[in-house]
Amino acid sequence: RYTHQSRYFEISDAWTLAQKLDNYVRWPHDGSWQTIDGDGCIEVWFFPTKLLDNRTIFRKEARDLKSGGYLLRINEDGSLYFSVSGAEGQSGFAISSPINFVSMLNWHHVAVTKQGNVCRLYLDGDKIGEKISTADWTGDGFFSLGRNDLDDNNPLTHDFFKGYMYDLRVTRGRAKYDGETYSLPSSLEDELVDTTPQAVDFLS
């Protein structure tokens, strides 16, 4: 199944300072596309403009810590970091790149994949690393794009992304990328496996 969501994080000159700092998209819990309990892939294009602290690309929250959760971010040292917190009874993992790995003011494509018990992190078509883990990618809270959401009452913990994002894609049922490299994706139509989509194939 294929979930396609697109949001643009462009800052308008007419926005207040608060709006410029708090630019993100957040979806309520929906396990039909936010849970990767088999093979799957989550990918998005991003253009970072500023890195003064950790910056969240996306995060699946866990209101109950026993439910798991996962996080993709750029660390303040310029490294790319993906982690999965295993649900109760499962062990999580983390994959990270070297420091100063993500350049500012450039478009990048990032993908995280799960194929059997092999989990991989890619940037711009190249594999950064992989870990062996049977943990499902779960969580029972919001799925946030561009915000960490550790504590709604403390903006210092939000780790807002600074820049632009577009074309968030979630693929369930196949890892989509499984080698050392891959060609960067283009249009949504080129990515469809079944050219006769059913109503349950798309969620928006």
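The legends below describe close-up views of a predicted model.

**View 1. Six strands form an open antiparallel sheet.** The strand order is S2-S11-S4-S5-S6-S7. Strands S2 (25-27) and S7 (93-96) are at the edges with a single partner strand each, so one side of each has no neighbour in the sheet. On average, neighbouring strands are turned by 10° against each other, direction ignored. S7 is joined to strand S6 (residues 80-84) by four bridges in the antiparallel sense, and Ser 83 has Ala 94 in S7 as its bridge partner.

**View 2. Strands S9 and S10 form a hairpin with two residues between the strands.** S9 (residues 118-123) pairs with S10 (residues 126-132) in the antiparallel sense over six bridges. Leu 121 is opposite Gly 129 in S10. Asp 124 takes a positive phi near 55° in this hairpin.

**View 3. Phe 58 and Phe 143 form one of 19 aromatic pairs.** Their ring centres are 5.6 Å apart and the planes lie at 25°, so the pair is stacked. Phe 58 belongs to strand S4 (residues 55-60) and Phe 143 to strand S11 (residues 143-145), so the contact ties together parts 85 residues apart in sequence. Both residues are buried. They belong to one aromatic cluster, whose members include Trp 27, Tyr 70 and Trp 137.

**View 4. Trp 107 and Tyr 166 form an edge-to-face pair.** The ring centres are 5.1 Å apart, with the planes at 80°. Trp 107 is partly exposed at 39% relative accessibility; Tyr 166 is also partly exposed, at 27%.

**View 5. Two arginines lie over aromatic faces.** Arg 26 is 4.3 Å from the ring centre of Phe 142, and Arg 147 is 4.4 Å from that of Tyr 24.

Methods. Residues are numbered from 1 along each chain as its sequence is written. This is a predicted model: local features need pLDDT of at least 70, side-chain atom pairs count only at pLDDT 80 or more; totals for chains, interfaces and linings use all residues. Side-chain values use heavy atoms; hydrogens and water are left out. Two strands pair if DSSP finds at least two bridges between them. Axes are lines fitted to C-alpha atoms, for helices over the stretch in contact, and angles run from 0 to 180 degrees between N-to-C directions. Rings of Phe, Tyr and Trp (its six-membered ring) pair if their centres lie within 6.5 Å; planes under 30 degrees apart count as stacked, over 60 as edge-to-face and the rest as tilted. Buried means under 20% relative accessible area, exposed over 50%, partly exposed in between (1.4 Å probe, protein chains only). A charge sits over a ring if NZ of Lys or CZ of Arg is within 6 Å of the ring centre and within 35 degrees of the ring normal.
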